[in-house]
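Please open the model in a viewer and keep the selection panel at hand.

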Amino acid sequence: MLKVDGLSVKARNGMLLLDNASLAVASGHIIGLTGASGSGKTTLLKSIMGMLDRNCSMIKGRIVVDNEEISKLGTKERRELCGKTIGFIPQNPMTAFDPRVKIGTQMRETLSIRLGISKSDADSLNAEKLMALNLKDCKRILRSYPGQLSGGMLQRIAVALMLALQPEYILADEPTSALDEDNREILTRILKKQREKTGILFLSHDVDALSALCETVFVMEHGKITETGTMEKLLSAPREKWTREFAAAHRKVEERNFIWTEYELNA
Ligand SMILES: Nc1ncnc2c1ncn2[C@@H]1O[C@H](COP(=O)(O)OP(=O)(O)OP(=O)(O)O)[C@@H](O)[C@H]1O
């Protein structure tokens, strides 16, 4: 179980980025986290990863993974958890890779160091996972530098690496944001399958993905968890301001789609 317990994070300028936030992710479950832009979702993930910006610090609370309070560990021990115990799919895929090194080299080194496997085994595992994510041109991808690939491709490569590493917990920050419809569906299917052996914290504004994947969705506003429930319940009976607006916006999209479909049928 990965538990965030009463976490508060403050920036040096005095701004409270997280305010007594608590949630838990158990293996075999996908927990959703949504909320307005700037409400603190990424800060929560960075806190779990031990990757808070230098001008920010935890002022209260605990982060516990499988009964170990990881927020008490030093930087080096914390870094060792990255990849094997906790995997991170960042929101901006460009930040996931070193722009100076070819993708194939980065993936190979990550797997051979983290999993202790040979470079050729790492190459085969990488190719297999890239194919699973619909990146069929994997030879070219492995020979490319990050800047030669699209945002959507880099996002899927970050997911492929995560699948190869098989961490106990995955923190995914808007993993579908740069993907087209087909690839969003493929990723949703893969994460659903991955849930069997992993606990996943899934940050998203994508109602379809949140509904398809998450049993419980947490809503964050101004650094606080304000509301929790199934996506269906949050949309049909929202309590708090942001959730009400989010549900209303979703209804409008659905109505527009409905009108468009009717129009198409009558045209
Ligand atoms: N290093 C920092 N110093 C000061 N303020 C920061 C820092 N990092 C983030 N913030 C502020 O903290 C708030 C929360 O940011 P965060 O990136 O966690 O939000 P978010 O919910 O992930 O947003 P989005 O959905 O747009 O990614 C924002 O107001 C942001 O400007």
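Begin with the two domains, whose centres, taken over C-alpha atoms, are separated by 24 Å. Select residues 1-85 together with 167-231 for domain 1, and 100-165 for domain 2; these bounds come from an automatic or database domain assignment. The model is predicted: local features require pLDDT of at least 70 and side-chain atom pairs pLDDT 80 or more, while totals for chains, interfaces and linings use all residues. Numbering runs from 1 along each chain as its sequence is written.

Next, display the boundary between the domains. Here 13 residues of domain 1 are in contact with 13 residues of domain 2 (C-beta atoms, placed from the backbone, within 7 Å). On the domain 1 side, select helix α7 (residues 181-194), which supplies the largest share, five residues. Helices are DSSP runs of H or I with at least four residues, and strands are runs of E with at least two, numbered from the N terminus. Coloured by class, this side shows eight nonpolar, three polar and two charged residues; Ala, Val, Leu, Ile, Met, Phe, Trp, Tyr, Cys and Pro count as nonpolar, Asp, Glu, Lys and Arg as charged, and the others, Gly among them, as polar.

Now select the ligand. It is surrounded by 15 residues, the closest being S37, K41, T42, T43 and D53 (C-beta atom, placed from the backbone, within 6 Å of the ligand). Helix α1 (residues 41-49) gives the largest share of this shell, three residues. The shell comprises four nonpolar, nine polar and two charged residues.

Finally, return to the whole chain, which has ten helices and ten strands.

Technical notes. Contact = placed C-beta atoms within 7 Å.
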